[in-house]
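This report is meant for someone meeting the structure for the first time. Please look over the sequence and the model before reading on.

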Amino acid sequence: MKIAMIGTGYVGLVSGVCFSDFGHNVVCVDKDPRKIEKLERGEVPIYEPGLDALMAKNVEAGRLSFTLDLATAIDGAQAVFIAVGTPTRRGDGHADLTYVMAAAEEIAKAAKEYVVVVTKSTVPVGTNRKVRDVVAAANPQLDFDVASNPEFLREGAAIDDFMKPDRVVVGVENDRAAQVMSEIYRPLYLRDFPIVTTDLESAEMIKYAANAFLATKITFINEIAALCEKVGADVKQVSKGMGMDNRIGNKFLHAGPGYGGSCFPKDTKALARIGQEYASPMHITEAVIAVNEDTKRRMIGKLQDLCDGSFNGKTITVLGVTFKPNTDDMRDAPSLTIVPALVGGGAKVRVCDPQGQHEGEALLPGVQWYDDPYEAASESDLLVLLTEWNEFRALDLDQIAGSMARPAMADLRNIYNASVARNAGFVAYESVGRVGFA
Ligand SMILES: NC(=O)c1ccc[n+]([C@@H]2O[C@H](COP(=O)([O-])OP(=O)(O)OC[C@H]3O[C@@H](n4cnc5c(N)ncnc54)[C@H](O)[C@@H]3O)[C@@H](O)[C@H]2O)c1
């Protein structure tokens, strides 16, 4: 089967590589010439564990190629996937569908024979029907169907998520499109991974509902964490006790500095917007968005308290700035709120992140980048653990405390605890949802 993938970002590239590993013939297209040049040289433009080897294997096997030219890519393809960005539209919170609709029009103009136009990007309910209208208007003779196939992969574990999904969701309007989609996912179907085949609107809604639910779970525990600090409870124990209830589950119950990333912030905003448009308000999601902003601000307050009320003149070392470990993605990371507050408050900010510098340099002006966490922490007044990379999970805290000007730590991922920090020589330690000391 020949597949074309439009957009080679986190989702398009991983999906294209994995589909080629299923045995399909995949051509990936992007309009960014730098990305395509890199890919043609065998380099992966993003950081995603395992992607380079899988990509090389399938290029070598002749099943995977890259091009700037959409017409070449879709020539003879039975399915064309749209995996372009759907960022928040400036001003109103709506998902910006400019890239999706532009891709749909380009596909329509280039396609010559029957094709299924599959939207993998996260798009508001009703978008697949609009894609169908755009394609039909741009090429009235074309025989085609549309399908919705939202993606649930997590950055940092993307290949495993794609190859061993909890489920695949496919929204279609007829059997012909359903057949093409089931052929594409046959390797997963054969291994008993569940495929939910439904209508277009339900498929679109599943994606937003799932992301909003996960964002709600994180935000709920973050709010509980704030209360834990006030009443003297330990949120880690609370999460553990809650998560053991099978109806609740232990995932997404880790208190932290607020959610960020390429999906939750924009998808919660888009869902809230859809609710407003249909006069069916998403009160819970709207509260989640507001509480998440409060959570990030609450973290800044914590850091300020650890700096005796003012960042001015302090040297602060921040470990981890990507929105989560094992990715270089900085989109809507909590660091983009927290670090500028430190810089703006007059602190000298040092930053260390295993993969974040390339993306982060432009986004975090005025900071100094370090490769080594020990070097970064030396002579600082505050150490902030912001992203829980493995590299920061087993630091020699005695060495760090001994080298700091004033050994104080804000552990915003609850990696360590107060007694470990005290024993290592820290004079102040705060985490999230647990009692610290200062
Ligand atoms: N990143 C994630 O973890 C994730 C997970 C699930 C779903 N999604 C959804 O998948 C979609 C893509 O997300 P992403 O993070 O991969 O985005 P991204 O910004 O990393 O990549 C999008 C790519 O599309 C390219 N592009 C845009 N218009 C194009 C066109 N007309 N022709 C060819 N290329 C074009 C861009 O140059 C870019 O390389 C979004 O809707 C997102 O919400 C993302």
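This is a predicted model: local features need pLDDT of at least 70, side-chain atom pairs count only at pLDDT 80 or more; totals for chains, interfaces and linings use all residues.

Residues are numbered from 1 along each chain as its sequence is written, and side-chain values use heavy atoms, with hydrogens and water left out.

**The chain**

The chain has 18 helices and 14 strands, where helices (H or I, at least four residues) and strands (E, at least two) are DSSP runs numbered from the N terminus. Its radius of gyration, taken over C-alpha atoms, is 23 Å, close to the 22 Å that the globule rule gives for 438 residues, so the chain is as compact as a globular protein of that length; the rule itself is 2.2 Å times the number of residues to the power 0.38. Along its principal axes the C-alpha trace spans about 70 × 50 × 40 Å. Of the 438 residues, 54% count as buried, a term that means under 20% relative accessible area with a 1.4 Å probe, protein chains only. Among contacts (heavy atoms within 4.5 Å) between residues at least 6 apart in sequence, 72% join residues at least 24 apart.

**The ligand**

Of the 24 residues around the ligand, Asp30, Lys35, Thr86, Glu155 and Lys266 come nearest, a residue being near if one of its heavy atoms lies within 4 Å. The shell divides into 8 nonpolar, 7 polar and 9 charged residues. The table lists polar contacts, which are pairs of N or O atoms within 3.5 Å.

| Residue | Atom in the residue | Distance to an oxygen atom of the ligand |
|---|---|---|
| Tyr10 | backbone N or O | 3.0 Å |
| Asp30 | polar side-chain atom | 2.6 Å |
| Lys35 | side-chain N or O | 2.6 Å |

The protein covers 91% of the 840 Å² of accessible area that the ligand has on its own, an area that comes from the Shrake-Rupley method with a 1.4 Å probe.

**A residue in a loop**

Ala347 is found in the loop between helix 14 (335-344) and strand 10 (348-352). Is Ala347 buried or exposed? Its relative accessibility is 10%, and therefore Ala347 counts as buried. Leaving aside neighbours within four places in sequence, Ala347 is in contact with Phe311, Lys314, Ile316 and Leu342. Ala347 and Arg129, in turn, are 218 residues apart in sequence and 51 Å apart in space, C-alpha to C-alpha.

Key:
Buried means under 20% relative accessible area, exposed over 50%, partly exposed in between (1.4 Å probe, protein chains only). A polar contact is a pair of N or O atoms within 3.5 Å; within protein, one must be able to donate a hydrogen and the other to accept it, and residues adjacent in sequence count only if both atoms are side-chain atoms. Ala, Val, Leu, Ile, Met, Phe, Trp, Tyr, Cys and Pro count as nonpolar, Asp, Glu, Lys and Arg as charged, and the others, Gly among them, as polar.
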